[in-house]
Amino acid sequence: MISSQKLQEVLLKSKMVDKKKLKELVDEASAEKKSLIDYVIEKKLVSEDSLFEQIADYLQIPYVNLEKKLIRKDLLLLLPETSAQNHKTVIFDVDNKKGEIFIATLNPEDIEFFESIKKKTSLNPVIHITTQASVDKVLKQYHKKLKAALKDIDESKSENDEDLQKLSSELPIVRIIDTILEQAFYEGASDIHIEPEEKQTLIRYRVDGILSNVMTLPKKAHSSLIARIKVLANLKVDEHRLPQDGRFKVVNSKTKISFRVSIIPASYGEKIVMRLLNETAKVLSLEELGLQPQSMESVKRNIKKPHGMILVTGPTGSGKTTTLYTIINILNTPDVNISTIEDPIEYHIEHVNQSQVNPKIGYTFASGLRAFLRQDPDIIMVGEIRDNETAEIAVHAALTGHLVLSTLHTNDALTTLPRLLEMGVAPFLVSSTTNIIIAQRLVRKICPDCIYSYYLKKEEIEHIKKQVDLDLILNTLKKEKVISEKDKSFEKLLFYKGKGCQQCGNSGYRGRLGIYETLDITPELSRLIAKGASENDLRGQVASEGVMIMVEDGFIKAKNGKTTIDEVLRVTKE
C-alpha cells in the first residue's frame, strides 16, 4: 500500500484538499487508528477511482479498473488465491509476443513479489495501479472456480482405489493440488502439511519456521488429494496402512522445486507432509551466512586445513546443510576431489560427486562413507553422523588425511564432544581429529517495511534475566562495539520489532538468518578432551577462551535491528 507520506503529497498536488484539511484528515485517521487511504475512501471525500488515478499519475504508473473485466481462467490461476489476497495483486493480461505480463496491484513497491512472478512465468511484469474494489472483484472469481472444483469432488462419493486413481488425474483435483503447491512456493514455505480431521482436511504451511493454517477443504476431498500426491510421487495408491516416502519435481524455465513426500496413516485418514527443496537456490557466501568477524576468521582458518573434521550442529531445520554447502562451495576447486553422501541432496553443486542414501537397499551413511574412501577423495561430506559406525569411519577418515564435513543433532557446540564419546569414539581420536564445531539456529528477521524501535520495560528485563545472563550480554555488546562503554543497563538500549504489515502477512517478520557459536578446538581444549575431562571442565576452558555463545550472537543481531529478543530466546531455550 502507498505510504501515508506519499498519499499526502498526492492529495496536495492534485488539489483534492488544502494543507489545513489534510492535517485534519491525518489527525482524524490517526485517532481512529486507520490508514490515511482507508479513512479518505471510507469518508467518501473522493471516489476510489479518482484517488487511485491520481496516485497512478503521481507515481507515473498506468491505472487499470478491473471491476468490469472477466479475467481468463489460465491467467487467474497463474497466481494462487492466498498470494493474490496477501499481496493485493492480480494478473489480468499477457502479451506473449512482447514477453510481458500485466499485473494490477495496490502496492507497486512490492518488487520482491513481482520478481517471483517474473521467475515463474519468464515474462516481464508491467505494473498497473488498481483499486481495492478491483482486487476484491477478481478474488471473487477465484472463489467461484475453487467452489466449482470442490463441488465436483464433493459429489464423487467413491472410495474405490481404481476410482481414486482416475479421479487423481481429473482437472478439479489437479487444480487444487497445483494451487496448494504454487501457493507454498510463493509464500516461501519450507513444508506443506495436509492433515485429515474428523469433518475437514486442514492445509498448513511452515513459513520461516512457524506453522500456520492456510485453508480447509471438505473431508470428502481428502482421499482424492492423497491419491493425487501418491501418483505424483510414484507411490502405491492402494496402500493406506503403511507409511510411504517418495519425491517429485516441479520444473519450469527458471525454477526447479523438489518435493519430498512423507505419508503416514492417522486417525481420520492419511497425513502428508511435503518438504520443499529449491534446487536452483543460490549457495550463500560465508559473509551472507551472518557470522561475527571472530567466528568468520575461525571458520576460514579451519577450512584451509587439509584434514580433520568440521562439524555443524543444531536441531532439524536450523540451516546446517546450508552452512555445509557454503563451505563445500568455497573448497570446490579443480585440484581437489569432493564427494558427498546426503539424505536428501538439497542443492546440486557442479564438479562435486553427490550421492543419495537409500536404506532400503542397505546404502547408508556408513556404507557410503566406507565406499568413498576407495574413491581417492580429498574432501568428504557426510549428511549426518547418526550412529557409532558412521562416527568411527568419519573419525578414521579425518585421521588418515581427509577433510570430513558433517552434522550432528546437539544443543550447542560443546555438547558435540561428549556426543561423539557416547557413540564410542575414543577421546584421543575426538581431540586429534576435530578442527572446529559450528552450532547454529535460525531466527526470523524483522520485516524491513514495518520495523520500529522501542525501549524494554522493567518487567521485560526481569523476564529476560531469568533466561540469560544479562551482564554477560551487556559486556559482549560493549566488546563488539555494538553499544557504548557508557551504557550501564538494558533500560536505555533501543531494540526493534515489526508492527506487522501486508508485506509480512502481519507477522512482523520476513525471512530468516542464522545465529552461531563456533568452537575452535585449541591445543588446551584438545588436551582436556584427550584425558577425558568432564563437561564442566570443558565449559570452564571454553569460557576462559572467550568463545561467543549463540545467545550473545543473537542479542548482537537483535540490537542491530535484524531480529527480535523474543526470537533469540525462542530458538536458544533448551
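The following is a working chat about a predicted model.

Colleague: What are the ground rules for this model?
Modeller: It is predicted, so local features need pLDDT of at least 70, side-chain atom pairs count only at pLDDT 80 or more, and totals for chains, interfaces and linings use all residues. Residues are numbered from 1 along each chain as its sequence is written, and side-chain values use heavy atoms, with hydrogens and water left out.

Colleague: What is the mean pLDDT of the protein chain?
Modeller: The mean is 87, with 94% of residues at 70 or more; pLDDT is the predictor's confidence in each residue, from 0 to 100.

Colleague: And where is confidence lowest and highest?
Modeller: Helix H9 (residues 161-167) is lowest, at a mean of 60, and strand S10 (residues 308-313) is highest, at 97. Helices (H or I, at least four residues) and strands (E, at least two) are DSSP runs, numbered from the N terminus.

Colleague: Which residues are buried in H1?
Modeller: In helix H1 (residues 4-13) they are Leu7, Gln8, Val10 and Leu11. Buried means under 20% relative accessible area (1.4 Å probe, protein chains only).

Colleague: Why do they lie on the same side of H1?
Modeller: They cover an arc of only 160° around the axis, which puts them on the same side of H1. The arc is that of the directions from the helix axis to the C-beta atoms.

Colleague: What covers them?
Modeller: The cover includes helices H2 (19-31), H3 (36-42) and H4 (48-59), counting contact as heavy atoms within 4.5 Å.

Colleague: Which residue just after H1 has a positive phi?
Modeller: Lys15, with a phi of about 60°.

Conventions. Buried < 20%, exposed > 50% of the residue type's maximum accessible area, 1.4 Å probe, protein only.
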